[in-house]
Every structure is written in structure tokens, then in C-alpha cells.
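Here's a quick briefing to read alongside the coordinates.

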Amino acid sequence: MPDQDERDDLVAPAKGRGKRPSAVLPNLNLCGDIGLKIARDGTWYYQGGPIARKPLVKLFASVLRLEEDGRYYLVTPVEKVSIAVEDLPFVAVEMRREGSGEAQRLTFVSNVDEVVTAGSEHGIGFQPGPRGGFTPYIVMRRGLKARLARPVYYELAGLAVEAQAQGSGVWSGGSFFPFPPAES
């Protein structure tokens with residue numbers, strides 16, 4: 001593993017030129033499982049106890065990644081730590097609506113205060129639930145999703161309209177997001 005001076009040399013030249021560091025990271029120290037978990041309700045745990053400091057949770061959330069192997073990790077420039085996620089890593093706890101019809105914009109706020117507006121980059125979708133049915137979600141960033149809290153989903157469902165070929169769904173940011181077909 002490189003020492004601190006070597007790591008600083010990797011980042012310092014980019015800082016001086018006002019240029020962002022490369023997305024390619026040096027060989028990371030994979031730290032394995034240290035007892036981090038995100039529960040279905042969005043609570044973060046460390047070795048079985050909830051993390052009560054929201055600024056710390058927000059810091060961890062800022063370095064959360066979903067890797068190609070389908071697992072979640074906290075990734076820093078020198079370390080990579082696995083984290084267990086019961087359902088989806090975030091929960092959308094608030095929805096704001098601007099406009100109506102096809103010009104409507106739906107903005108979601110997560111439990112870690114991240115804000116996104118549904119559209120082509122931040123899709124609304126439904127994945128099969130653990131006991132049948134579907135779990136509604138919004139894509140937050142880099143493939144990370146926030147499950148819609150029940151009140152947020154009910155608010156979203158109240159905005160549903162019928163589109164000719166696509167069925168029932170909602171508009172946001174110029175995109176139409178269809179709901180799954182009703183079960184028989």
C-alpha cells in the first residue's frame with residue numbers, strides 16, 4: 001500500500017491545476033466486513049448499534065457505491081469496505097411537485113438529504129418485492145436507488161394519469177414513468 005506522501009502525490013497535482021482527479025483509483029485496500037449495515041427503513045448500523053450522528057451517516061452515504069458484483073461498498077481513495085444493505089440503500093422521505101401534465105417535475109428528498117428530480121437521469125421504477133408486488137424507487141446516483149416511503153408512494157400514485165400506449169403512470173422532467181400493471 002502506498003504511504004501518505006505517495007497518495008498525496010496522486011491527488012495534489014490535480015488540485016493545483018483545478019482539474020478533477022482521475023476516476024481510476026490505485027489498488028484499494030479491501031477491508032472486508034467491519035459490521036456496517038443499512039436496514040430496510042434506512043437506518044445505518046455499525047456492529048449492531050444504530051449510527052445516531054446524521055452527519056456521519058451522510059458522509060458514509062457520499063462514498064457508497066454499487067459495484068459490478070451487485071454488492072455495496074464504501075469507497076475512499078485508499079480503502080474499500082463492504083456494507084450489507086437489506087433492501088435499497090436509501091429511502092425517499094419527501095416528494096415535491098411543480099407544474100402539471102407532461103411539464104410536471106417531481107423532486108424527491110432522501111433520508112440522507114440528497115435531492116433529485118425524476119427525469120431521464122433519475123428514473124422512477126418498480127422492482128419485484130420480497131413477498132410479491134413491487135417496490136417503488138427513484139434512482140439517486142450511479143445506480144443507487146431510494147425506496148419510496150409508503151406516504152411518498154401514495155402521494156405519487158395520486159398523481160397517476162393514463163397514457164395512451166403506456167398505461168398508468170406519472171410524468172416528470174419530460175419523461176413518462178409507467179406503473180406496473182394491476183395484478184389480477
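A contact here means heavy atoms within 4.5 Å. Keep in mind that this is a predicted model. The protein chain folds into three helices and 15 strands, and 37% of its 184 residues are buried.

**Overall picture**
- Of the contacts in the protein chain with a separation of 6 or more, 47% come from residues 24 or more positions apart.
- The chain exposes about 11,200 Å², with carbon and sulfur atoms supplying 51% of that area.

**Around Met140**
- You'll find Met140 in strand 11, which covers residues 134-141.
- Met140 counts as buried because its relative accessibility is 2%, and the cut-off for buried is under 20%.
- Skipping neighbours within four places in sequence, Met140 touches Phe90, Ser110, Glu114, Val116, His122, Lys145 and Ala146.
- Gly123 sits 17 residues from Met140 along the chain, with 8.4 Å between their C-alpha atoms.

**The nonpolar core**
- The largest nonpolar core has 35 residues, and those with the most contacts inside it are Trp44, Leu64, Phe90, Phe108, Ile124, Ile138 and Leu156.
- Strand 7 (residues 90-98) gives this core its largest share, four residues.
- Take Ile124: beyond neighbours within four places in sequence, its contacts are Leu106, Phe108, Ala118, Tyr137, Ile138, Leu156, Val170 and Phe177.

**Salt bridges at Asp113**
- The whole structure has nine salt bridges.
- One of them pairs Asp113 with Lys54, where the closest N and O atoms are 3.3 Å apart.
- Asp113 is in the loop between strand 8 (105-110) and strand 9 (115-117) while Lys54 is in helix 2 (residues 54-62), so this pair ties together parts 59 residues apart in sequence.
- Asp113 is partly exposed at 40% relative accessibility, and Lys54 is partly exposed at 39%.
- Lys58 also forms a salt bridge with Asp113, at 3.2 Å from N to O.
- Lys58 comes out as partly exposed, at 35% relative accessibility.

**Salt bridges at Asp87**
- Arg147 and Asp87 form a salt bridge, with their closest N and O atoms 3.2 Å apart.
- This pair links distant parts of the chain: Arg147 belongs to strand 12 (residues 144-148), and Asp87 to the loop between strand 6 (79-85) and strand 7, 60 residues away.
- Arg147 is buried at 10% relative accessibility, and Asp87 is buried at 18%.

Terms used. Residues numbered from 1 in each chain as written. Predicted model: local features only at pLDDT ≥ 70, side-chain atom pairs only at ≥ 80, totals over all residues. Heavy atoms only, no water. Helix = DSSP H or I, 4+ residues; strand = E, 2+ residues; numbered from the N terminus. Buried < 20%, exposed > 50% of the residue type's maximum accessible area, 1.4 Å probe, protein only. Areas by Shrake-Rupley, 256 points an atom, 1.4 Å probe, with all protein chains shown as cover. Core = buried A, V, L, I, M, F, W, Y, C linked by side-chain atoms within 4.5 Å. Salt bridge = Lys/Arg side-chain N within 4 Å of Asp/Glu carboxyl O.
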